Structures are given as C-alpha cells and as structure tokens.
Amino acid sequence: MRSATTTTASRIISVGGVRGDLVVPNDDLVGSIDSSDEWIRRRTGIVTRRHARKEVLVEDLAEQAGRSAIEAAGIDPEQVDVVIVASISWMQTTPAMAPLVAHRLGTGPGTAAFDANAACAGYCYGIGQADAMIRSGLARHVLVIGAEKISDFIEPTDRTMSFIMGDGSGAALVGPSDTPGIGPTVWGSDGRLNGAIGLTHSWLDFKYAADDERVPWPTARQDGPSVYRWTQTALPELALKAIADAGLTPKDIEVFVPHQANLRIVEGLHDRLGLADDVIVARDIVDTGNTSSASVPLATERLLREGLAQPGQIALQFGFGAGLAYAAQVVRLPEHVGVAGPGAPVPVAEPVAV
Ligand SMILES: CC(C)(COP(=O)(O)OP(=O)(O)OC[C@H]1O[C@@H](n2cnc3c(N)ncnc32)[C@H](O)[C@@H]1OP(=O)(O)O)[C@@H](O)C(=O)NCCC(=O)NCCS
C-alpha cells in the first residue's frame, strides 16, 4: 500500500465575509438591561453590533461568506475537497450545517463536510485542521467558515452578554503552498471553566421539564469577570508559544487579529504580548460586535479590504471562548479578499478609549 502524497506547506489563499444587515446601536438594547451607551462603550468598546434579519438564517450567512472566499481565490467550487463550518448557532444537532452549505456552494458530492464547534476558537481550530489536512495529503483545498447568528439565542434582558454579540460569517480558502503560510497551531481547552460561557441550560431540560416547572428556551450567558481574567492570565503565554513555534519573536508580528471578544480584552492582550508599537490591531468589535467563530475571519477581511493591512504580512490570529477552548497560529495574510455582499460593514467607527 501507499500513503497519501504530502505537501510541505499550506497558506490562506483568500478570505471573504458578510455581516448581519441590521446596525444595532447600544441605545436600542440598554432599556431591558438597565445599562447605558456609555457603560457598554467603556466596558466593551462596542458602539454598534450587527444583527441579521429574522429571515436570514445562519446557513445563508455561511454560504455567502464561503462563496466570496471561493470566488476571490479564483478556483472552481468543485476543487474544494473539504468544508469545515465552525458555529455555535446551528440549532440542529444533525445533520450538520457544512454538507448543506457545501451543496449550495456547488462543491460536488466528493467534498467532505463537517461542523466544528469550538465556539469562538472554532475558526482557528479549522485553520489548524486545514493546514494539517493539506500537508498530510488528505486534501488540497479546504474551505473554513465561521458562521453565527447569535441573535437567535440572546435573551434581551440578560446583562451578561446580550449586548456583546453580533451576527455574521467569515471564511477562508486554504490551499497548498511552496513556502509556509500557516505556522504551527497551539490549541487546547480547559474544561474546568466549562460553565463560564454557554447556554443557560440544556435542550433536554427544555424538553423534559414537568409542566409546572417549564423552563424557557436556552439562551446565552456568561460569567464575564472569570472569562476576562482567563483571557489576561492564561492566554498570553499560549499566544507567545504560537509565535515561538513559528520561529518568530513578538516583534516580527505585523498584524494582530485576536478574537473580537471585547476591546478591553483585545487591548489587554496586545499590551501583554509585547508586540511592536506599530503592530496593526484588528478592532472590528467596535461596530460588528462579537461574532464568535466568525470574528477572526471577519476582522481579517476587513483589515485587508480597507487597506489597513497588506497581503503577505505576518499576522498572529487567536481564537478563544466557550469550552473554554483556544487556538492560535501565525499566518501570512492572504492575497485575495472577497467582495462583500449585502450586509457589508458600515464605515469604521472611531475606536473608543476603554
Ligand atoms: C461582561 C463584562 C463587560 C462585564 O463587566 P464587569 O466589569 O466584569 O462587570 P461585573 O459583572 O464585575 O459588574 C460590575 C458592575 O457593573 C454592573 N453591570 C454588570 N453588567 C452590566 C451591564 N450590562 N450594564 C450596566 N451595568 C452592568 C454590575 O451590576 C456591577 O455594578 P456594581 O459595581 O454597582 O455592583 C466583562 O466582565 C467582560 O468584558 N468580560 C469578558 C468576557 C467576554 O467578553 N466574553 C466574550 C466571549 S469570549
């Protein structure tokens, strides 16, 4: 027997993305959580977030982002060997979202397609898997999509995260390369903090509760202070390891694209990593909100589309969130950016001091 033909390296060829079409300012949300525009800006940096209309489903967002990445890469959909969809918003345990999205994109019946739920780390988990699949010969082109419609399971009276989350989808087309375009992935999880972010309760509680103990539809909530502490204490050394594993130092990083959890977390990580003063930092959170698995590719496509970062620059990307799960890797920014579809972002809001 023979084993698969291996390839020395992979790279992200293109990214694409779409944001929810509704621009939701803080003032639209504060009434039901006894908060204020000023408090939300100061504690999270968020000025507006994007929500998708009721009729727009998470698979629609995933399809649109995936198509823009494929078209930007200039390959035929049938050349896509694997579609990985990272999401926490697919409300059907089975079948997965990825085969449906692959079918809609016209990748053909030979395409492997599966969902990966690593919450806000899902896209970076997917990039790590795509890199390994391509180098091992398991696939030649892998489409990694992060897609979320979190507004479907936000409780408007929840003070812990209802005001943070947004809807959108970002995608990357990953393929073989002569030179390294994706560094080693540092990934992992800490289940001791499993209860820190997630749904209020299981779907089984919803189903089996006695009539007189009816529980509501599960919605998202978090223990914000413990998540914040974790991001500032445990995560910096993991990001530094991803940089070292790529044979680089923090000063070599030209662009920093952390998960857009909130601006205080982004700025705090930036300070703790010792990155160069002129490093370009993604701040898509300010007017997109936290789109979980979609946040890293959306922030990337925006930096490139707006010319704030350039193709080929060395970027550190870092996803982290519920689980708690994390994945970081150094990548070279892709050459191609998809044309934004309907629901494209509004002009950049001025970052606010946090
Ligand atoms: C969510 C987060 C913004 C809350 O801020 P915080 O300062 O930690 O809030 P705390 O829960 O400690 O509460 C501090 C005060 O703010 C108040 N508060 C809490 N939520 C509030 C809200 N939504 N609006 C207004 N006030 C709020 C509290 O009542 C408390 O008031 P008090 O001092 O008078 O008692 C913050 O914990 C955070 O950024 N966490 C990171 C988690 C994250 O972003 N996760 C995303 C998924 S990866």
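Analyst: By class, eight nonpolar, eight polar and four charged residues make up the shell around the ligand, where Ala, Val, Leu, Ile, Met, Phe, Trp, Tyr, Cys and Pro count as nonpolar, Asp, Glu, Lys and Arg as charged, and the others, Gly among them, as polar. The model is a predicted one, in which local features need pLDDT of at least 70 and side-chain atom pairs count only at pLDDT 80 or more, while totals for chains, interfaces and linings use all residues. Residues are numbered from 1 along each chain as its sequence is written, and side-chain values use heavy atoms, with hydrogens and water left out.

Of the 20 residues around the ligand, S35, R43, Q222, G224 and N262 come nearest, a residue being near a molecule if one of its heavy atoms lies within 4 Å of it. In the side chain of S35, an N or O atom is 2.6 Å from a nitrogen atom of the ligand, whereas a polar side-chain atom of R43 lies 2.6 Å from an oxygen atom of the ligand. The side chain of N262 has an N or O atom 2.5 Å from an oxygen atom of the ligand. On its own the ligand has 950 Å² of accessible area, of which the protein covers 69%, as found by the Shrake-Rupley method with a 1.4 Å probe.

Two or more residues of the shell come from each of α1 (37-44), α6 (224-233) and α8 (263-273), and α6 gives the most, with four residues; these helices are DSSP runs (H or I, at least four residues), numbered from the N terminus.

Methods: Polar contact = N/O pair within 3.5 Å; in protein donor to acceptor, adjacent residues only side chain to side chain.
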